[in-house]
Amino acid sequence: MKIFLKELKEGKTDFSYTLEGKESEELFKDSEIKRVNLNSSGWIQRKGLEYIFYLHVKGFGTLICARCLDEFQFFFNEDYTYNVFLGKDPSISKKEYNISDKDVASIYVENYELNVLPLIKEIVLLTIPMKPLCKENCKGLCPVCGANLNNKNCGHETKETYSPFTYLLKRIEKKE
């Protein structure tokens with residue numbers, strides 16, 4: 001999805017976009033999230049040669065749990081606002097560049113075409129936790145037989161390794 005900035009009139013212009021199926025697979029093929037279905041909406045406001053771009057992305061995709069390796073659906077609902085500038089990104093042409101808060105939410109467009117799909121991808125990837133879990137109390141896999149401990153108890157006991165935090169936790173539990 002591209003927005004052609006030259007064609008925009010002064011003021012706000014609304015848009016909405018649905019991403020699913022093959023287009024979604026292609027966009028997220030090199031990431032850990034699969035089968036993404038999302039709706040994006042927002043507006044772009046033109047005031048002379050200044051543009052403000054608001055993007056709302058809501059949907060879900062499939063991730064693999066870091067503990068039990070089962071697939072689960074991950075939901076996201078995010079908003080971002082960008083300042084859109086015409087021309088080259090000044091950080092690319094300089095070897096050293098001090099990044100300010102303004103630069104973090106800035107997009108530089110050279111040919112009056114704002115491609116929204118990379119922004120949508122960026123937003124979705126930023127919402128994925130570093131260690132995705134199917135549920136907060138996921139028990140993971142048995143280190144002996146590899147059984148998913150969320151589905152069944154295989155009966156294997158694992159030795160606890162010493163941890164000062166485990167020791168403190170046990171002392172706190174005894175006092176309560």
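Buried means under 20% relative accessible area, exposed means over 50%, and partly exposed is in between (1.4 Å probe, protein chains only).

**Ground rules.** I'm looking at a predicted model, where local features need pLDDT of at least 70, side-chain atom pairs count only at pLDDT 80 or more, and totals for chains, interfaces and linings use all residues. I number residues from 1 along each chain as its sequence is written, and side-chain values use heavy atoms, with hydrogens and water left out.

**Aromatic pairs.** I looked up ring pairs next: rings of Phe, Tyr and Trp (its six-membered ring) pair if their centres lie within 6.5 Å, and planes under 30 degrees apart are stacked, over 60 edge-to-face, the rest tilted. I found seven aromatic pairs in the structure. One of them is Phe-15 with Phe-53, stacked at 5.6 Å centre to centre with 10° between the planes. Phe-15 sits in strand β2 (residues 11-19) and Phe-53 in strand β4, so this pair ties together parts 38 residues apart in sequence. Strands here are DSSP runs (E, at least two residues) and helices are too (H or I, at least four), numbered from the N terminus. Phe-15 is buried at 13% relative accessible area, and Phe-53 is buried at 0%.

I also noted Trp-43 and Tyr-54, a stacked pair at 5.7 Å centre to centre and 25° between the planes. Trp-43 is in strand β3 and Tyr-54 in strand β4, eleven residues apart. Tyr-54 is partly exposed, with 22% relative accessible area. Phe-15, Phe-53, Tyr-80 and Tyr-82 make up one aromatic cluster.

**Charges over rings.** For this I need NZ of Lys or CZ of Arg within 6 Å of the ring centre and within 35 degrees of the ring normal. Lys-12 lies over the face of Trp-43, 4.3 Å from the ring centre.

**Cysteines.** How many disulfides are there? I count zero, taking a disulfide as a pair of cysteine sulfur atoms within 2.5 Å. Cys-68 is in none, and the nearest cysteine sulfur, that of Cys-65, is 3.7 Å away. Cys-68 is buried, at 4% relative accessible area. Cys-145 is in no disulfide either, with the sulfur of Cys-154 nearest at 3.6 Å. Cys-145 is partly exposed, at 41% relative accessibility.

Which residues did I jot down for a positive phi? Arg-35 has one of about 45° although it is not a glycine, and Arg-35 is found in strand β3 (residues 34-47). Leu-69, not a glycine either, has a positive phi of about 65°. Leu-69 is in the loop between β4 (50-64) and β5 (71-86), and is exposed at 55% relative accessibility.
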